Amino acid sequence: MYTVRPVTAEELLGAAERLGGLLADTVDGGASVGFLAPLDPGAAADWWRALAPEVGAGRLLLWVAYPEPDADPGTGAGRRIAGTVQLRPASTANGRHRAEVAKLMVHRADRGHGLAGRLLAALEAAAVGRGIRTLVLDTETDSPAERLYAAAGWTRVGTVPDFATDPAGVPHATTVYYKALPATADSPGR
């Protein structure tokens with residue numbers, strides 16, 4: 001069983017080392033999330049720390065999942081972080097109704113338990129609550145993530161050849177997806 005919850009900037013700083021471990025595991029496992037292998041966990045932790053101002057300003061929303069029993073994600077005493085996902089609301093006035101999903105990661109030891117789907121569902125529910133109606137993301141073409149997005153109702157837009165490299169530096173195609181969320185009374189543009 002896992003707990004999924006949003007984190008504050010302060011909690012992010014407290015969990016940066018554990019998030020760095022998750023990021024390093026993800027990259028070392030072959031996932032194309034913007035880094036090359038081998039990724040030093042300390043450098044990965046620094047990358048997470050650099051996101052704290054964006055989280056604090058609300059320009060980035062971040063969720064973590066961790067094995068129960070419930071541990072405080074903002075302290076070093078908690079259990080290993082099992083997964084994470086980010087939501088980046090658009091910053092332009094004409095884009096307040098949309099956001100980008102980024103860095104959906106699940107530790108290799110925690111895969112196969114539906115955790116990626118739970119993280120994505122938490123993000124989508126929060127997006128609806130914020131009046132966001134359109135989500136976009138990209139992922140490596142033919143990766144296991146594509147099955148997750150298809151099963152979760154995402155629509156494939158198309159592919160871009162050689163868009164990003166895998167952790168070994170080999171270029172791969174990237175597939176772009178979107179998902180239309182239900183509009184609410186307070187959705188921008190309604």
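**Exercise 1. Determine where A16 lies, whether A16 is buried or exposed, and which residues distant in sequence A16 is in contact with.**

Step 1: A16 lies in helix α1, where helices (H or I, at least four residues) and strands (E, at least two) are DSSP runs numbered from the N terminus. The model is predicted, so local features need pLDDT of at least 70 and side-chain atom pairs count only at pLDDT 80 or more, while totals for chains, interfaces and linings use all residues. Residues are numbered from 1 along each chain as its sequence is written, and side-chain values use heavy atoms, with hydrogens and water left out.

Step 2: A16 has a relative accessible area of 0% and is therefore buried; buried means under 20% relative accessible area, exposed over 50%, and partly exposed in between (1.4 Å probe, protein chains only).

Step 3: Leaving aside neighbours within four places in sequence, A16 is in contact with A45, W48 and R49, contact meaning heavy atoms within 4.5 Å. A16 and A50, which are 34 residues apart in sequence, are 9.5 Å apart in space from C-alpha to C-alpha.

**Exercise 2. Classify the ring pair of W47 and W48, and find the cluster to which these rings belong.**

Step 1: Rings of Phe, Tyr and Trp (its six-membered ring) pair if their centres lie within 6.5 Å; planes under 30 degrees apart count as stacked, over 60 as edge-to-face and the rest as tilted. By this rule the count comes to 4 aromatic pairs.

Step 2: The ring centres of W47 and W48 are 4.9 Å apart and the planes stand at 80 degrees, so this pair is edge-to-face. W47 is partly exposed, with a relative accessible area of 24%, whereas W48 is buried at 0%.

Step 3: Ring pairs link F35, W47 and W48 into a cluster.

**Exercise 3. Describe the order of the strands in the sheet and the helices that lie across the strands.**

Step 1: The sheet is open and is formed by 7 strands in the order β1-β2-β3-β4-β5-β7-β6, with mixed pairing; two strands pair if DSSP finds at least two bridges between them. The edge strands, each pairing on one side only, are β1 (2-6) and β6 (155-165), and the twist averages 20 degrees from one strand to the next.

Step 2: Strands β4 (residues 98-106) and β5 (residues 134-140) run parallel and are joined by 3 bridges, with R98 standing opposite T134 in β5. By contrast, β6 and β7 pair in the antiparallel sense over 7 bridges, and V160 stands opposite T174 in β7. These two strands, β6 and β7, form a hairpin with 5 residues between them, and G169 in the turn has a positive phi of about 90 degrees.

Step 3: Helix α2 (residues 41-49) lies across β2 (61-67), β3 (83-89) and β4, running at about 35 degrees to β3. Helix α5 (residues 144-151) lies across β4, β5, β6 and β7 (171-180), running at about 155 degrees to β5. Axes are lines fitted to C-alpha atoms, for helices over the stretch in contact, and angles run from 0 to 180 degrees between N-to-C directions.

**Exercise 4. Identify the backbone features at P38, K103 and D162.**

Step 1: The peptide bond from A37 to P38 is cis, with omega near -5 degrees, and P38 is found in the loop between α1 (9-28) and α2.

Step 2: K103, in strand β4, has a positive phi near 50 degrees although K103 is a residue other than glycine, and counts as partly exposed at 23% relative accessibility.

Step 3: D162, in strand β6, likewise has a positive phi, about 45 degrees, without being a glycine, and counts as exposed at 57% relative accessibility.
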